[in-house]
Amino acid sequence: MRNTFCVLLIVLAFSSSPRQAVAGQSGPSGTSPAKKSTIEDFGDRVNGYVRIRKDAEDFLSALSSSKDPAEIASHKIELAELIVSERANAHQGDIFTPKAAAKFREIIHKTLKGPRTQDARRTVDDKDPEKIVILRVNMVYPEDNPLQTAPPTLLARLPELPMDMGYRFIGRTFVLLDNKTRLIIDFIPDAIP
Amino acid sequence: MKTIRRFIGLALLPICLSLYGQKLTLPVHQGAVRFAAIGDMGTGEPPQYQVASRMNDIREEFPFDFVIMLGDNIYGGNSAADFQNKFELPYKLLLDAGVKFYASLGNHDAATQKTYKPFNMDGQQYYTYKKSNVQFFALDSNYMSPQEVLWLTKELQKSTADWKVCYFHHPLYSSAKFHGSSVELRQVLEPLFMKYGVQVVFSGHDHVYERIKPQNGIHYFIEGAAGELRKGDLKTTAITAAGYDQDQSFLLVEISGDELDFQAVSRLGVTIDQGSFSRIPERRPSDTRRGGR
């Protein structure tokens with residue numbers, strides 16, 4: 001009976017549809033954090049980051065395209081610096097809160113370990129040699145390091161992210177990455193089962 | 001003496017091969033869509049420049065208008081110097097001649113490349129464009145999100161082009177030892193390709209040239225050796241139609257009416273593969289019904 005209850009709880013946890021979009025998602029005003037689902041709370045935190053980036057872009061005036069790579073590179077650096085200064089106190093776990101991290105770990109585990117997961121696992125394991133870096137929030141992930149391919153099966157199970165943000169594995173760490181700046185927004189260590 | 005003779009022989013071999021291999025077999029039909037495909041090129045090393053130079057030479061006989069880039073466009077960073085040494089300088093003659101480049105992103109590429117005008121990505125990580133009766137779909141296989149799959153489904157669905165050509169970095173089929181087939185990606189993409197009549201797919205990632213025997217009616221090419229090379233990495237398997245892993249290479253393609261002609265050329269100008277195939281007209285819904293109950 002107790003086991004059945006546990007299984008039911010897990011099923012309910014997953015049936016709260018992690019595939020809902022994060023962008024533009026926010027609970028009704030006045031909703032207390034306690035009443036929000038883990039995914040909604042995660043979405044709010046991601047949107048908080050997006051607002052900071054948007055403000056920084058507005059301040060710099062967004063760069064849609066350029067034939068000058070120096071201009072693209074300097075815009076990226078300036079944008080990253082502005083975001084970092086706004087998030088100077090950001091820490092690991094601010095966005096992947098313990099509850100969110102547990103939920104993501106469950107989804108990752110389900111996708112990469114168990115029956116019929118070998119193809120997704122192979123996607124994660126297919127990588128080019130990379131230099132080892134110690135990850136921290138607000139660091140720019142080195143551009144000379146390749147990025148591991150994100151398994152499509154996993155992406156289909158995770159909450160949708162706003163434009164120019166992505167989930168990535170770096171080694172065994174699961175990372176929330178800003179694609180525009182390559183800034184590490186947050187991460188979950190040892191996420192690969 | 002014997003050693004000297006052998007040395008001279010070996011030294012002359014590339015030149016002889018080069019002269020022999022210069023023969024272009026592509027038809028050059030009037031009004032055809034002509035392009036080159038290169039992947040894993042952005043090293044900035046001499047072989048990339050040599051391939052680029054060979055492409056430029058061949059353009060006199062085979063005037064291709066554009067180049068599709070199969071990812072890993074710029075290795076090792078995205079500074080102005082990187083773009084200059086790994087793209088602008090090697091392809092200068094082609095760029096000056098007005099040849100357009102349409103990039104897709106590889107696992108070594110920064111997302112900011114999409115804002116670099118000469119890559120013609122228009123700020124998009126995945127995009128589509130048409131050339132005459134051919135529609136191209138440049139995908140981001142590093143991050144095949146549900147949004148991208150939905151976008152591709154819609155774009156393929158509404159495409160009325162005779163030819164639908166997809167290209168992206170990771171090969172759905174590959175006989176190379178280092179990376180091999182991206183099976184998970186194949187499970188996501190191939191059903192769409194089959195359903196909406198994609199005829200040809202180009203990829204890179206494995207640093208070899210390989211043409212795969214048609215799989216479910218789709219022709220797959222790997223051209224991941226336009227700068228990088230993994231010599232000896234190709235093992236011939238049951239799906240290999242042709243392959244080459246002894247030198248850098250690039251691929252030339254002409255599409256005219258219902259016919260596609262291709263020729264793969266090595267850095268030294270040797271033809272390493274060539275051939276043609278016809279488009280199988282798409283089955284219309286009425287055709288399907290005809291065979292039904």
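Across the interface of chain B and chain A in this predicted model, one salt bridge is found, a salt bridge being a side-chain nitrogen of Lys or Arg within 4 Å of a carboxyl oxygen of Asp or Glu. This salt bridge pairs the side chains of B:Lys114 and A:Asp164, with an N to O distance of 2.5 Å. The elements that contribute two or more residues to the side of chain B that touches chain A are helix 3 (80-88), helix 5 (146-158) and helix 6 (183-195) of chain B, where helices (H or I, at least four residues) and strands (E, at least two) are DSSP runs numbered from the N terminus. Helix 6 of chain B provides the largest share of that side, five residues. By class, the side of chain B that touches chain A comprises 13 nonpolar, 18 polar and six charged residues, with Ala, Val, Leu, Ile, Met, Phe, Trp, Tyr, Cys and Pro counted as nonpolar, Asp, Glu, Lys and Arg as charged, and the others, Gly among them, as polar.

In the interface as a whole, 37 residues of chain B are in contact with 41 residues of chain A, contact meaning heavy atoms within 4.5 Å. The two chains bury about 3000 Å² between them, 50% of it on carbon and sulfur atoms; buried area is the accessible area (1.4 Å probe) that two parts lose on being put together, summed over both. Of the area that chain B buries against chain A, B:Thr115, B:Tyr143 and B:Glu184 supply 23%, more than any other three residues.

Over all chains, the count of salt bridges comes to 18. Within chain A, A:Lys36 is paired with A:Asp44, the closest N and O atoms lying 2.5 Å apart, and A:Asp44 counts as buried because its relative accessibility is 18%, the limits being under 20% relative accessible area for buried, over 50% for exposed, and in between for partly exposed (1.4 Å probe, protein chains only). In chain B, B:Glu155 forms a salt bridge with B:Lys158, with 3.3 Å between the closest N and O atoms, and both residues lie in helix 5 of chain B, three residues apart, about one turn of the helix. The two partners are set apart by their accessibility, B:Glu155 being buried at 14% and B:Lys158 exposed at 58%. Salt bridges that share partners also join A:Glu57, A:Asp164, A:Lys180 and B:Lys114 into one network.

The largest nonpolar core holds 57 residues, of which B:Ile38, B:Met55, B:Ile68, B:Phe136, B:Tyr167, B:Phe202 and B:Leu252 touch the most other members; a nonpolar core is a set of buried Ala, Val, Leu, Ile, Met, Phe, Trp, Tyr and Cys residues joined through side-chain atoms within 4.5 Å. Neighbours within four places in sequence aside, the contacts of B:Ile68 include B:Phe35, B:Tyr102, B:Tyr129 and B:Phe202. Apart from this core lies another, of 34 residues, including A:Ile83, A:Tyr167, A:Leu176 and A:Ile188.

B:Gln263, in strand 12 (residues 259-266) of chain B, is buried at 1% relative accessibility.

Residues are numbered from 1 along each chain as its sequence is written, and chains are lettered from A and ligands numbered from 1 in the order in which they are written. Local features need pLDDT of at least 70 and side-chain atom pairs count only at pLDDT 80 or more, whereas totals for chains, interfaces and linings use all residues, and side-chain values use heavy atoms, with hydrogens and water left out.
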